[in-house]
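This briefing is intended for a reader who wishes to examine a structure element by element.

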Amino acid sequence: MTPHLRLALILVVVPVLVVIGLPWALRGLPVAASETYPWSLVPRTFGENGYYRGSNVGEWTSIAPRFAGDVAVCNTCHQGQFSSWSGGAHKVISCQTCHGTRANHVLGKPDPRPASPELAPLVAMPPIELCSTCHDARVVGRPVGFPQVNPETHAGKTACTLCHSPHNPQPGGRR
Amino acid sequence: MKLSRRKFLTLGGGALILVLIPKGIETSLAGTAPETAPSPIGDWTKEWEKHYWGFAVDTTKCIGCGRCVVACKVENRLPPEPEFTRTWVERYVILEDGEVLVDSPEAGMHGFKDEVANARLRGREIRRSFFVPKLCNQCDDPPCVQVCPVAATHRTADGVVLVDRKRCIGCRYCIQACPYGARYLDPEERVADKCTWCYHRIAQGMKPACVEVCPVGARIFGDFKDPESPVRQVLRKFSVGVLKPDLGTKPKVYYIGLQSGVR
């Protein structure tokens, strides 16, 4: 092979290997690595929807919800509690406000445990603490007319649930 | 030109390294992907033109229970520490002598049970007091997007400002630029983080987690392109205000009963 031919071969084969071979070799790597062209830091989807990496939108929309979207589905199984709740003053409150994340529960899977006790649902608290979250009259700043009591003078250490059903809180409300 | 085998290998190897360096940087910059699931929605960018999201907060209803802050942390897998939060609740206590006390203990995530406010009151008379939940305003003219040097933060066609966690270099310009203090630096991945109005939920037709759990309906969410949506009704029925309108950021969180002086 003459030197000219050899040089021509190198000048053709090497760029072809780099431009086609490298992306092909990298195609199986994780998203982050294959999202850009091998010779650049600019992602392939950059500019698809605007001045940003287009595939970022799909990353955000594919996160799995932990709170279910619609509590009407709760009535499928928990009909007693549901009808009691829907007839009382607490019907404005979502089941998940007290019972925590239920997206997986609806799908028949276990819901993730809270990452820390501070993030536990309200039902994990003793009744007085649970109800005081909203109804403690000693808190400054609540709107006038919002139903509040001082738990100490109202019933002492008696559990609120002795008289009030959390699902239908009027005294005598259906449990 | 004569190319020895040694020279060819040196040049070829050098070229290969030059090509691979950016790859290595990109791979090392990439954050860990959030917990994902097969999305029930397809390519959202084909749908998003049909929506334009809006948020309303009723300061006359908020009771400061803080369940929104907890729900946000759980839904969005945020660190449990209160300082890393996408939403928080402030309490304003206006005294008869004109002084205004503002507090937000632990971002309000455990409510306002403490007596700190009472101690600061020193027995003075309260004229008026109320709670103001805060979150990202998803501004139509967002300063955070303007200042990002790597185009990691952007506005979607349905009006939500998102952070590309893989591109963000953690320079914190956006955290400084946000006049509402809505952003913080994720302590684990060292990238900017902020409220997305639960973008993964709203794209599936759900409400944001904080709206879902609010027991008094103080947080209202909807689609401006739907005439029946709750936000459209709020804007129809109430006089509303936005935070710091003078800055021209065009925020999209509308506050019912917004007291002048609340920033």
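In which sense do β2(B) and β4(B) pair, and over how many bridges? The pairing of β2(B) and β4(B) is antiparallel and extends over 8 bridges; helices (H or I, at least four residues) and strands (E, at least two) are DSSP runs, numbered from the N terminus. The model is predicted, with local features requiring pLDDT of at least 70 and side-chain atom pairs counting only at pLDDT 80 or more, while totals for chains, interfaces and linings use all residues. Residues are numbered from 1 along each chain as its sequence is written, and chains are lettered from A and ligands numbered from 1 in the order in which they are written.

**Sheets of chain B**

- An open sheet of 3 strands has the order β3-β2-β4 in chain B, with antiparallel pairing; two strands pair if DSSP finds at least two bridges between them.
- At the edges of this sheet are β3 (100-103) and β4 of chain B, each of which pairs on one side only.
- From one strand to the next, the twist averages 15°; axes are lines fitted to C-alpha atoms, for helices over the stretch in contact, and angles run from 0 to 180 degrees between N-to-C directions.
- Strands β1 (residues 53-58) and β9 of chain B run antiparallel and are joined by 5 bridges.
- The partner of B:V57 in β9(B) is B:R219.

**Helix α2 of chain B**

- Because 9 of the 9 residues of helix α2 (residues 67-75) of chain B are buried, the helix is largely enclosed by the rest of the structure; a residue is buried if 20 or more other C-beta atoms lie within 10 Å of its own, exposed if 12 or fewer, and partly exposed in between, with C-beta atoms placed from the backbone.
- The buried residues of α2(B) pack against α5 (95-99) of chain A and against β2 (88-95), β4 (126-134), α7 (209-213) and β9 (219-223) of chain B.
- Just after α2(B), B:R77 has a positive phi of about 55°.

**Interface**

- The contact involves 49 residues of chain A and 63 residues of chain B; two residues are in contact if their C-beta atoms, placed from the backbone, lie within 7 Å.
- On the side of chain A that touches chain B, the elements giving two or more residues are α1 (3-26), α2 (31-34), α3 (55-61), α5 and α7 (127-135) of chain A.

**Residue A:R44**

- A:R44 lies in the loop between α2 and α3 of chain A and is partly exposed, with 15 other C-beta atoms within 10 Å.
- Beyond its neighbours within four places in sequence, A:R44 is in contact with A:E35, A:T36 and A:Y37.

**Confidence**

- The model has ipTM 0.82 and pTM 0.82.
- Chain B has an average pLDDT of 89, and 89% of the residues score at least 70; pLDDT is the predictor's confidence in each residue, from 0 to 100.
- In chain B, confidence is lowest in helix α3 (residues 116-121), at a mean of 69, and highest in β1(B), at 98.
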